[in-house]
Amino acid sequence: MALLKPVFAVFVLISLVILRSSPLRIYTEDAPRGVQHRVGPISPVESTYTCSEEHPDFPDQRMCVFSNLLIVNQTLHYVSSKQEELPPIFISWEKVYEGDQHLAISMTQPGNLPLTLWREVEVVRRAGLFHQQHPLNYYHLFTEIVPTMHYSICRALGICTHEASQDLRLFWVNKSGVNHPKGYVFNAPQAIVDLLQCISPQPVLNLQDTGSRPILMEKAVVGLPRNVRFYHQKKEEWQARFKDPPPLKYMKHYREQVAACLNHDFVNERAPTDPVRITIVNRHYEAGRSLLNAETIKDHILSLPSVREAGPGRVVVEVVYLKGTLREQAAVVWNSSVYIWAHGAAMAHVFFLPRGAHAVELVQWAVKDPHDQHVWVQGIRKAFDIDIQLEVVTNDDRTKVFFNYDVIRAPNSQYHRFNDSEKVALLENLTCPEQPYANGGECFGWFHWGMSLVLKFDLLRPKVVAALKALRP
């Protein structure tokens, strides 16, 4: 018995040494998928990184992959005992919130982190770090931002499957500022939340909301590639920095991944021909860009000779308001033979149209170079190589557009600063005043978001007739 005591003591000592030197991983049922909780005395780690330079004229434009990047107290930490200096990493292509266009990261010596920090760490195997752009704009999120996130993750981390990656976590790394101490809140529609979960099943986590528990990212990609899926034509810097789109194989893969996520192969499906389904997507008046005579347009289509000759039920026309989950909205579109919408977020759903479908965009305001609005949806078709016939109908009559007066006459509106002649010019001629107080974004916004249309059917008729002829020869 006396001999057993020292043997037992040695056994306990060896066990403690093993526990001290080896990470102890336990998986809890309530942990998000892909997040491993390391609990116990874990030896500190050090960070490393590699970067690819993306543009010879913009040295801050690079894509970097970090190993063992740490989040502590809502701050990114690069942990290294070396005297290193990280290069600037450009992360914001359009929206800059209080000077955060470059990644904010702290260079931290291992000794400056308390050993107690490592007692409970969430470990994310792979992570994508992105600057939050357009927290509410459906079009930009759906067709530009999320596809570019996918391209970066696929290219840099090798996550190119047709299923959401279980060990991937997405982060918004916008830093907080004086005007936004908690950072920007990502308050996107449910359909965008659904779309992001096609990439990672876990909710996107804002750096400002990471709480007190440290998070260790074993691999993390951050930065902007040269090829992006952004509408950058309107700024010289965007034209110089970026090329649109990313390589086609990545964009095709993204579309296939979303199709697999929604369990419907709209990529290879053909547009229905019996019956031909014509979908008119409308918006409520309060949202702006409403087709005020949508039901009348529906009646005109059903009265076309070719529709009457086809017989009852052979051509179906529906006026819809897209809402609900991503799958509910997508199903409306992938069941369409002809898809008609007024310029706005609904153009994003051209992404879901089956092969051979016809798409007609209505540009509602008669302004200089109205076809500039149509390049947005042309960019979608090109980027994802969508096999559809794309047309545009541009309103040619200023008397057929109507401002939402609840918007332009809101209590704090610029409109109240206009004199009488400026108001007449705006309402009758659709001309913003030239004074500096009227040339800002608000007057443009009235045209872009606060104007609705009564469409002359004669403008749409030839597009519908041609579509019907192609679908029902």
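This is a predicted model: local features need pLDDT of at least 70, side-chain atom pairs count only at pLDDT 80 or more; totals for chains, interfaces and linings use all residues.
Let me begin with the largest pocket, which holds about 900 Å³ of space, where a pocket, on a 1 Å grid over the protein atoms alone, is an open set of points with protein on both sides within 12 Å along at least five of seven lines, and where a volume is the space filled by probe spheres set on the points, joined across faces, edges and corners. Residues are numbered from 1 along each chain as its sequence is written, and side-chain values use heavy atoms, with hydrogens and water left out.

The lining of the largest pocket has 37 residues, and N137, Y139, R289, A345 and W449 are the ones nearest its centre; a lining residue has an atom within 4 Å of a point. By type, the lining divides into 17 nonpolar, 13 polar and seven charged residues, with Ala, Val, Leu, Ile, Met, Phe, Trp, Tyr, Cys and Pro counted as nonpolar, Asp, Glu, Lys and Arg as charged, and the others, Gly among them, as polar. At least two lining residues come from each of α2, α3 (190-196) and α12 (441-449), and helices here are DSSP runs of H or I with at least four residues, strands runs of E with at least two, numbered from the N terminus.

Searching the whole structure gives five cavities of 30 Å³ or more, a cavity being a set of points where a 1.4 Å probe fits but cannot get out. The largest cavity holds about 50 Å³, and its lining includes H150, I153, C154 and Q257. Which helix gives the most to that lining? Helix α2, residues 138-157, does, with three residues.

Let me turn to M251, which lies in helix α5, residues 248-262. Is M251 buried or exposed? With a relative accessible area of 0%, M251 is buried. Leaving out residues up to four places away in sequence, M251 touches P147, Y151, R229, P246, A383 and F384, contact meaning heavy atoms within 4.5 Å. M251 and Y151 are 100 residues apart along the chain, yet their C-alpha atoms are separated by 7.5 Å.

Finally, consider strand β7, residues 120-130, which is mostly covered, since eight of its eleven residues are buried. β7 runs parallel to strand β10, residues 215-223, with seven bridges joining them, and also pairs in the parallel sense with strand β8, residues 168-172, over five bridges; two strands pair if DSSP finds at least two bridges between them. R126 has K219 as its bridge partner in β10, and F130 has W172 in β8.

Methods. Buried means under 20% relative accessible area, exposed over 50%, partly exposed in between (1.4 Å probe, protein chains only).
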